[in-house]
Amino acid sequence: MSAVAAPSAKRIAWLRRRRAAAAAWSDFRHDRAGMIGLVILILFVAMALAAPLIVPESELRAINALDNPVWASPSEFSPMGTDSLGRSVWAQFVWGARISLLVGLAATVMAMLIGTVVGVAAGFYGGRVGGVLMRITEWFLVIPFLPLAIALAAVLGPSLTNIIFVIGITSWPSTARLVRAQVLTLKERLYVDRSRALGASDAHLMGRHIMPNISGLILANTTLTVPIAILSETTLSFLGLGDPTSTSWGKMLEDSFQQGALTEQAWWYYVPPGLGVLFVVLAFTLVGHALEGILDPRLRNAPTE
Amino acid sequence: MSADIQPATAAPTLLSVRDLHVTYPTDAGPLEAVRGVDLELGARETLGLAGESGCGKSSLATALLRLLPRGAKVTGEVLLEGEDVLGMKPGRLRAVRWTGMAIVFQGALHSLNPVQRVGDQIAEAIVLHAKGKGPRAATRVGELLELVGMPARRARDYPHQLSGGQRQRVLIALALACDPKLLVADEPTTALDVMVQAQILRLLEDLKEQFGLTTLFITHDLSTLAAACQRIAVMYAGRIVEEGPAHAVFDAPAHPYTRALAAAFPIIGDPAFRHNPSGLAGDPPDPRALPSGCPFHPRCPVMHEECPRVDVELWPAGEGRRAACVEVRA
Amino acid sequence: MSPRYVIGKLGGSLATLLFVVVFNFFLFRIVATDPVANLFRGRNLTESQRDELVHEFGLDGSLLHQFWAYVQQTASLNLGRSYSTNETVVSEILDAAPATIWLVGVSTILSAVIGVALGIAAGWRRRSKTDYAATTFTMTTYSMPDFWLGMLLLSLFAVTLGWFPVGGLQDPTSTATGPALWADQAYHMFLPALTLTLAYLGEYTLVMRSSLLDTMREDFLVLARAKGLRDVVVRNRHAVPNALLPVVTLAAINFGFVLSGAIAVEAIFSWPGLGLATYDAINGPDLPMLQGLFLVFSASVIVFNLLADLLYAWLDPRVREA
């Protein structure tokens, strides 16, 4: 080891970042709720990724279920019983996790990208551009999500990409608002002014000074947006606007409702998908709050008592 | 243990504080903000308490009436007119608050309830301690406001409609509402500009005279204490490091920290002065990681070789004076 | 609160509403390249049927012409006719509105009152057992799909135990009128209202708790205690009124949103309100209904946002007497 010459600025920055990450991980480890959330998340993501290994996809098709008893309870047909077509609920649950998680994450990524770009632009440029961008953002926030999503989905037609698009396009405004506020405070900081005086370009300022300082905020916010996206997908699928060719937890709820699981008292069909959503949403929320506590500069200095 | 000093006057002791410790629970372990303070105030006396932010003076003030946040621990003895405050039952404590001792807080924007008219906030204290109800209370509120130099009709205002100086006057009027014997003024002029500061100080002087108040005046600005008090105590790192007659302490400080405080010339309107009134380099020590021996030694301009090893105490330093410095002992 | 403030807010709301109307038009016309084919997918249309629909939806003529026709119609509250029932959209909406207003109104009030009380209890004694219990409970209810909670309640209390009806507004076989009828309707409303209340009270609890914690840091609370007031009085007379301000605005805004958020819950309980109407319209798809409902939902949010602004301005003396 050993550097005879003085370490470069880059190395110092990297070391500092590593130390910050280590401190953050240790903070995170001590936030018990956050750790529980993380464990739950890992379990579900693993299940979703390993779906083909757990249950063959063919079990989802009604045509392969002709020999199965219909409305079988878990004790009659393990592990989670069957629906009115004899399809394995367990298969739907495992494969449904994939779509629910996929849509949730993809829509969130889309919302984050748009929201960050708009937020940074609105905060950084201010003036006319900023004003217009904020107007648009505020307008989106006023429109109630569900009617807008329904309207868009009804017009665009039900498909996987459409539903990701619909949720993404309706979720970016709150991120944009958050990011803009943070960018505004950062802009005030001295080092941005100094950098500008030294002739730094906008791109340099945004890349070197603004982005690293909001990345923590964005990460925490992303983790907290995923649950909203998952809940949205569940509701939209339940209403019949989801992708008809695949199954998701929301679709399971729709099917169970349409097939009359409630009157059949076939709880094994509608309880598991709801529980799945509940646990995944809860997990993301716990992890998100833990991250917020660590990464959000505004919460950093909050007094403990 | 330090030697007992008899109060300079023969007046009865109104407030007696012995070995006061205040500890806060924090995520990083207990934080001792006040580490064994003794004080005595005779009737009609004014004692000044000086020190920079973080020395524990505000914790001391709030501890006297047990106003610390939940979880904070106070030990020691606080006698108000001979009565033990720390051991009082809650009912008695609430009765004594504001009638026995009242606090004039710093007049920041949120020192008063933002959604309640200032007159109502004063009346609340009057009604609570049965000094009047309804119209009688309203009249008294008017009298109190005029006493502090504000027109009675301002009682209908909300705190945000008042200037900093006016808010401070309201807080003083409020403090006097139940005829307290002891007044604790915690940084009453800090948030104000110089002209208004002078007015408020003069107001406090007049009121003290008029009502024969006993006062504990807490501030970071030593020079204001020199004129306003009979005696001064200087706090550092949770302990008193010097005390004595006001002029003696100010003109010929015995402790190097007091010397620094007394010598500092604040730039008018400089907010940084508040955070470093002594002008010394460095920061006050973290109560969880105090320097060994004399807690002041890392910043002391005349530090001796023995200072990091000596457990300093308040040693006699002249007529009615004490200081916690090895130089005094010599 | 100056008249200028009110007019300013009013103007802003009107502008937003106008924008919604414009958006509504373009959404259903522009997004789909062939709106008729898209909206009637899966249905075989004859040539003449197609032409008729195109004309009915005003899709012939230039875009500007269509737009102008649309604006005129909307302004005169002509929102078209429902495709499925052929009644005017306006009459369908007016028929369905009261059921939703009752359901959402009662639920919002209950969830606000209970949620706030829980939030105060949790925040005042931070990190106590009460706090952890309340926070855990609300986080759980807040993390589940509201209609799923409805399904659980329905299956347990209506299907399994039979304590409540499985759906609908009232007993279809009964001929009761007056108070007896209202009692029956309230009986039918119990489960859906319980669902919405539980689903939404979490937000109030969390916001009130957080607002109270912020307020508790303020100096004036130390002053209140120093005066000799009892802890409960300090909490209720000084802390809560200050902490309550943001919550009031939240409640007002929420009402606007919950109006449209009850869509899935109404579907579960077959509650004949705007939500069920939307659910049915989706399955059409009944374009005029969807368009009309979208307008109504958006308008209600805008109106309640405006009310929330004015309410906050009136309650907070710092804004009122500025």
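## Sheet and helix in chain B

Two strands pair if DSSP finds at least two bridges between them. Helices (H or I, at least four residues) and strands (E, at least two) are DSSP runs, numbered from the N terminus. This is a predicted model: local features need pLDDT of at least 70, side-chain atom pairs count only at pLDDT 80 or more, and totals for chains, interfaces and linings use all residues. Residues are numbered from 1 along each chain as its sequence is written, chains are lettered from A in the order in which they are written, and side-chain values use heavy atoms, without hydrogens or water.

Chain B holds an open, antiparallel sheet of four strands, ordered β2-β1-β4-β5. The edges are β2 (31-42) and β5 (83-84) of chain B; each has a single partner strand, so one side of each lacks a neighbour in the sheet. Strand β1 (residues 13-24) of chain B runs antiparallel to β2(B), joined by nine bridges. His21(B) has Arg35(B) in β2(B) as its bridge partner.

## Interface of chains C and A

Contact (heavy atoms within 4.5 Å) links 44 residues of chain C with 43 residues of chain A. The buried area is about 3,700 Å², with 78% from carbon and sulfur atoms. That area is the accessible area (1.4 Å probe) that two parts lose on being put together, summed over both.

Zero salt bridges are counted between chain C and chain A. A salt bridge needs a side-chain nitrogen of Lys or Arg within 4 Å of a carboxyl oxygen of Asp or Glu. Several elements of chain C give two or more residues to the side that touches chain A, including α1 (3-30) and α7 (146-160). The largest share, eight residues, comes from α7(C).
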